[in-house]
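Welcome, and thanks for having the viewer ready. Let's walk through this structure one selection at a time.

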Amino acid sequence: MALLEVADIHVFYDKIEALKGISLAVEEREIVTLVGGNGAGKSTTLRAISGLLHPRQGSIRFAGRSLAGLGAHEIAAGGVVHIPEGRRIFGRLTVNENLELGAFTRRDRRDVATDKEQMLVLFPRLRERLKQLAGTLSGGEQQMLAAARALMARPRVLLMDEPSMGLAPMLVEQVFETIGRINQQGVTILLVEQNAPMALGIANRGYVLESGRIVLDGPGRDLLDDERVRRAYLG
Amino acid sequence: MMRRAALIGLAFGAGAVHLAAVGVLLAMHQRWIIVEALTLGQAALLLLAGGAGAMTRGPVMGALAGAAAGVPVVALLAAMSLVPLNSIFIALSHDLFNMLTLGVGLAAGVAILIGGGAIAGLVGVLLSNSSQMVRRAIFPGAISVVVAGVFQELIQLMLQQYEGPVGDFRDFIYTWEGLSLQGAIAIFVLAALLSEVFGFIWRMRAERTASHDHRRERMVRAGIALLILVLLPMLGGSYVGQVLMLVGLYILMGMGLNLEVGLAGLLDLGFVAFFAVGAYSTALLTAGSAHALMHLPYWAAMPVSVLLAVAVGVLFGLPVLGVRGDYLAVATMGLGEIVRVIVQSDFAAPLLGGAQGILEIPKPSIGNFVLGNPVSLFYLTLVASAVAAFVAWRLENSRLGRAWEALRDDEDVAQALGINLVRAKLLAYGLGAAFAGLAGSIFATMLTSVYPSSFQLLISINVLALIIVGGMGSLPGVVLGSIVLIGLPELLREFGEYRYLFYGAVLIVMMRLRPEGLWPSDVRQRELHAEDETLALDAGTDAVPAQPR
């Protein structure tokens, strides 16, 4: 059984049906990516999984347990951590405070300290800026901070929404490299990206979304070579 | 350049005309700063001309701006002598005319206004370009003279019991009317000297200890402020005690609202409701009148009142859980008004006394000692504030405090990190309400009666204004904000009707010049001056490469 199972979810914004029956599965230790154009429903899918939105129909199961009726904070505490789109760090707090907030649900103070040290090894730039306000970091650094903060929660599944958005090409590569490293540490990743070639390149499997439906799925390499995907997203 | 200077001057002059037309200028003219030499009103005019000058560059432009500031006033004088304006603007009276012309007639008065404006503008621009050393002498000196002059009654009252050297000093600087010219000069020189000496010592220390301990220095300043606060009512008597007690109540409320607005980012314009709940609870639990439900001693009623305020705070939070931003301000304002309307209604009158209120609330007592006079009640407020400040300080640095800051910055991300939004928000309202409930409880026993009319929307706005002026999220800021926005207007009673004009002006000036507040929290200061700090840090990392730990 897959670690994360989404079965036929329908999500509405008022009367508009944003997701028209999405089903997908993510196995433990996989990187799975959702690609598709604007308004295809990629971010909405992530928001439904993390509990920020509630599907009107369908089910979401994590490690065999239904997530229906749980609040976003409970889902996060259970090990599904969402990094929303944009550079959503706490700009008015320091880098250090941001990292500590990542471990908000954890009580094991000593392990938290070790994890923080590990994050600072993984992202050495953050160590230099530990006491600085997060809002003063550069775009790339903010994205690193968002990832490091999410990892502080020791997630089993990381939901990443457009981590490369608005970054310079060189930084984009760096971000994807980081995603790979995080995955190697045993974290399962569900990745939403506009940058389809990079995302499909790193992912084990991918789903292609179009106006609230999944139109194609398969191993990342295959999708990358698929003629339809190429024409639609890769130019 | 010239055009700009003239425009600045005209704008400041228009400000002076405004002050004259609403009547505050003449009211200020009734108060001497220095007897027979300078009134508060004249000082305000000089300040406006000087301010216009300070915003320009170069002595010529400064003088031009200052002179231009006189032009609208001259135009007002001309209009006043041609048309009987005071049938519309009652403040534009003959007395005002005499004040503005110094009683020497129109022609000479015009010359004095323009010439005086030019000189003031020149002084303004010279001061703004002068060295730190000069400014460190002049500003404290001038401010001390104004304080000593304007509050002469109060200060004389405090000093009147002394004989010997203090008495001699008092007789030297004050006549029975107010500050004398020789006294003003003495105070100016003294304050300027002290400022220079302390500034010098401070710089020496800063040089010796390369990284001066910012935190400790602030603690020392806070400690001195506290000591003054403790000693002042003992010296100043019951009037000062009463004013300080009011300041104390607002400090309590400010600390509570600070948790909601400053930390959790939940704008609340209905804060007065919690104050009312605290006051009415205490009234119902202790009063000697027919409305009382019980006759508890005050010390038992106070904690119950606080708990009831917490309960109402949580209830209050429930309907507005999903409301954000501007809508939250409107929604909370409505809830606050609902509480007042219910209390005032005939429907609740059998229980709460309606518009007649509840009377005969006893004063608290310790053993046989009744805390009857304002000074002893002030000390009660002080102790309550100290306890509350400690709680607020601990909360800020707690897990809950961090959670509040997180949801203030980004609710979605806060949830995604496992913060329970509902719980955090309700706790913010509940704990914020506790502070207001405590303030309300003391307020009830201070007045020995409660009326619905005491719990107007304006109180909520005052509390919000004082934490904005003091500095969002900063505890010492709350104290400073209360003193400036609550204490000062109480001491300047005769300008009472201009209180909100003063508030508005202070808020606008603050937002322009010092948006982080008078005494900002570390975070706000870092945020608003983040740019310079980043530069400094970058420079720092260049000089010293990061050390691996």
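Start by colouring the two domains of chain B: the C-alpha centres of domain 1 and domain 2 of chain B lie 35 Å apart. Domain 1 covers 2–208 and domain 2 covers 216–531, with bounds that come from an automatic or database domain assignment.

Before you go further, note that this is a predicted model, in which local features need pLDDT of at least 70, side-chain atom pairs count only at pLDDT 80 or more, and totals for chains, interfaces and linings use all residues. Residues are numbered from 1 along each chain as its sequence is written, while chains are lettered from A and ligands numbered from 1 in the order in which they are written.

**Between the domains of chain B**

Select the contacts next: seven residues of domain 1 of chain B touch nine residues of domain 2 of chain B, a contact being two C-beta atoms, placed from the backbone, within 7 Å. On the domain 1 side, α2 (24–29) and α8 (152–159) of chain B each give two or more residues. Helices here are DSSP runs of H or I with at least four residues, strands are E runs of at least two, and both are numbered from the N terminus. The most comes from α8(B), with three residues. By class, this side has seven nonpolar, no polar and no charged residues.

**Where chain B meets chain A**

Now show both chains. Here 23 residues of chain B are in contact with 27 residues of chain A. On the chain B side, the elements giving two or more residues are α17 (399–409), α18 (411–416), α23 (522–528) and α24 (530–543). Of these, α17(B) gives the most, with five residues.

The buried residues of α3(A) pack against α17 of chain B, together with α4 (109–122), α5 (124–128) and α6 (139–151) of chain A. Six of the eight residues in α3(A) are buried, that is, 20 or more other C-beta atoms, placed from the backbone, lie within 10 Å of their own. Among them are Val95(A), Leu99(A) and Leu101(A).

**A strand in chain A**

Finish on β7 (157–161) of chain A, where five of five residues are buried. Val157(A), Leu159(A) and Asp161(A) point one way, and Leu158(A) and Met160(A) the other. Parallel pairing joins β7(A) to β6 (80–83) of chain A over four bridges and to β8 (188–193) of chain A over five bridges; strands pair if DSSP finds at least two bridges. Click Leu158(A): its bridge partner is Val81(A), and Leu158(A) also stands opposite Ile189(A) in β8(A).

Notes. Buried ≥ 20, exposed ≤ 12 C-beta atoms within 10 Å, placed from the backbone. Nonpolar A, V, L, I, M, F, W, Y, C, P; charged D, E, K, R; others polar.
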